[in-house]
Amino acid sequence: MIQKLEEIKHRFEEVGQLIVQPDAMADMKKYSQLSKEYKDLQKIVEKYDEYKDVLSNIDNAKQVIKTEKDEEFREMAKMELDELDPKKEELEDELKQMLIPKDPNDDKDAILEIRAGTGGDEAAIFAGDLFRMYQRFCERIGLKLTVLDLTEGTSGGYKEIVSTVSGDNAYGTLKFESGVHRVQRVPQTETQGRVHTSAATVAVLPEMDDVEVDIDMNDVRKDTFCSSGPGGQSVNTTYSAVRLTHIPSGIVVSCQDQKSQLKNFDKALKVLRSRLYEIELAKHNEAVGAQRKSMVGSGDRSDKIRTYNYPQSRVTDHRINYSQHNLPAVMDGEIDEFIEQLHMAESAMKMKEGE
């Protein structure tokens with residue numbers, strides 16, 4: 001671990017020199033990449049420097065205990081050692097976490113797609129509840145959520161709603177939310193008070209740019225139509241909404257949140273790139289033998305990652321067998337603990353694989 005940390009410190013100093021060179025400052029893309037690398041490495045180097053200080057203080061305390069004749073000084077050194085040893089272990093754990101290879105997509109903005117699954121009108125209502133949950137969560141932690149396209153349910157909620165989430169570590173924060181979410185409750189449409197089970201699917205994709213996913217525009221059909229829903233004077237008066245169909249894959253993407261057709265086209269193209277990237281990533285993982293399930297699954301109630309049980313006010317994530325009995329708070333966007341527990345589980349798995 002020390003050797004790896006020394007290499008990182010050397011690279012940090014190297015980037016610090018590169019970033020002030022005229023050619024780097026003249027190239028904004030290169031400058032941005034170096035600035036980000038410098039910022040990421042700085043966190044590790046600062047923690048490493050703190051760790052080295054603790055190691056040095058431990059050595060000094062041990063030397064005092066070994067050589068000092070004055071009993072009072074020896075006792076003070078023992079007390080300092082009792083404080084420093086746990087601190088050393090804590091810093092080692094933190095450094096191990098920081099050295100775990102990071103998903104290069106974590107820093108990207110994200111595409112958030114929510115669709116009603118099994119359960120008819122109640123599934124659409126639940127999809128709407130999930131969207132509001134993520135909307136409030138994003139507001140609270142400083143991520144910006146923008147709706148690109150939606151199809152409303154007949155009794156409320158959404159049959160489908162597609163959004164972008166932008167901000168620091170947007171994809172890395174939300175990526176484990178992908179999968180089937182199941183709800184157990186008495187539906188608004190139920191007259192006899194019986195508990196029903198419905199499902200909605202959530203997909204979180206990293207937003208890809210044109211450098212990372214190349215699309216042949218000859219394979220894309222573009223259609224324009226009048227936007228519907230919120231949108232001011234442009235609604236149903238101008239052909240500003242855009243629908244893109246990727247002919248080889250059959251993927252269809254729509255965007256109608258902007259009054260400008262050009263802006264809607266650009267946003268729809270980003271979603272299309274993200275979906276094509278996910279398909280290629282799944283093919284790659286299958287080719288190398290990775291046991292990776294479909295992110296969205298079938299939308300069936302049995303293919304679940306999390307259950308929201310209203311009668312018991314319980315939310316359970318089945319991947320890590322973790323539950324909370326504060327469903328109203330969770331539905332109000334307080335999903336921080338689930339996200340943290342999932343990241344901890346992933347880190348533990350990576351550390352185990354590394355060992």
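Modeller: The largest nonpolar core has 32 residues, and Leu112, Ile114, Leu130, Met133, Tyr134, Val165 and Tyr308 touch the most other members. The largest share, eight residues, comes from α5. This is a predicted model: local features need pLDDT of at least 70, side-chain atom pairs count only at pLDDT 80 or more, and totals for chains, interfaces and linings use all residues. Residues are numbered from 1 along each chain as its sequence is written, and side-chain values use heavy atoms, with hydrogens and water left out.

Colleague: What makes a set of residues a nonpolar core?

Modeller: Its members are buried Ala, Val, Leu, Ile, Met, Phe, Trp, Tyr and Cys residues joined through side-chain atoms within 4.5 Å. Buried means under 20% relative accessible area, exposed over 50%, partly exposed in between (1.4 Å probe, protein chains only).

Colleague: Which residues does leucine 112 touch?

Modeller: Contact means heavy atoms within 4.5 Å. Among the partners of leucine 112 are Tyr134, Leu145, Ile161 and Val204, with residues up to four places away in sequence not counted. A second, separate core of 21 residues includes Phe12, Leu41, Leu81 and Leu91.

Colleague: Why are β9 and β10 called paired?

Modeller: Two strands pair if DSSP finds at least two bridges between them. Four bridges join β9 (residues 306–309) to β10 (residues 314–317), so the pair qualifies. The strands run antiparallel. Tyrosine 308 has valine 315 as its bridge partner. Strands here are DSSP runs (E, at least two residues), as are helices (H or I, at least four), numbered from the N terminus.

Colleague: How many bridges join β10 to β11?

Modeller: Three, again antiparallel. Aspartate 317 stands opposite tyrosine 322.

Colleague: Why is the contact of lysine 36 with aspartate 107 called a salt bridge?

Modeller: The rule asks for a side-chain nitrogen of Lys or Arg within 4 Å of a carboxyl oxygen of Asp or Glu. This pair has N to O at 2.5 Å, so it passes. By this rule the count comes to 26 salt bridges.

Colleague: Why is lysine 36 called partly exposed?

Modeller: Its relative accessibility is 37%, so lysine 36 falls in the partly exposed range.

Colleague: What makes the salt bridge of aspartate 336 and arginine 140 a link between parts of the chain?

Modeller: The side chains meet at 2.4 Å, N to O. Aspartate 336 lies in helix α9 and arginine 140 in helix α5, so the pair ties together parts that are 196 residues apart in sequence. Arginine 140 has a relative accessible area of 44%, so it counts as partly exposed.
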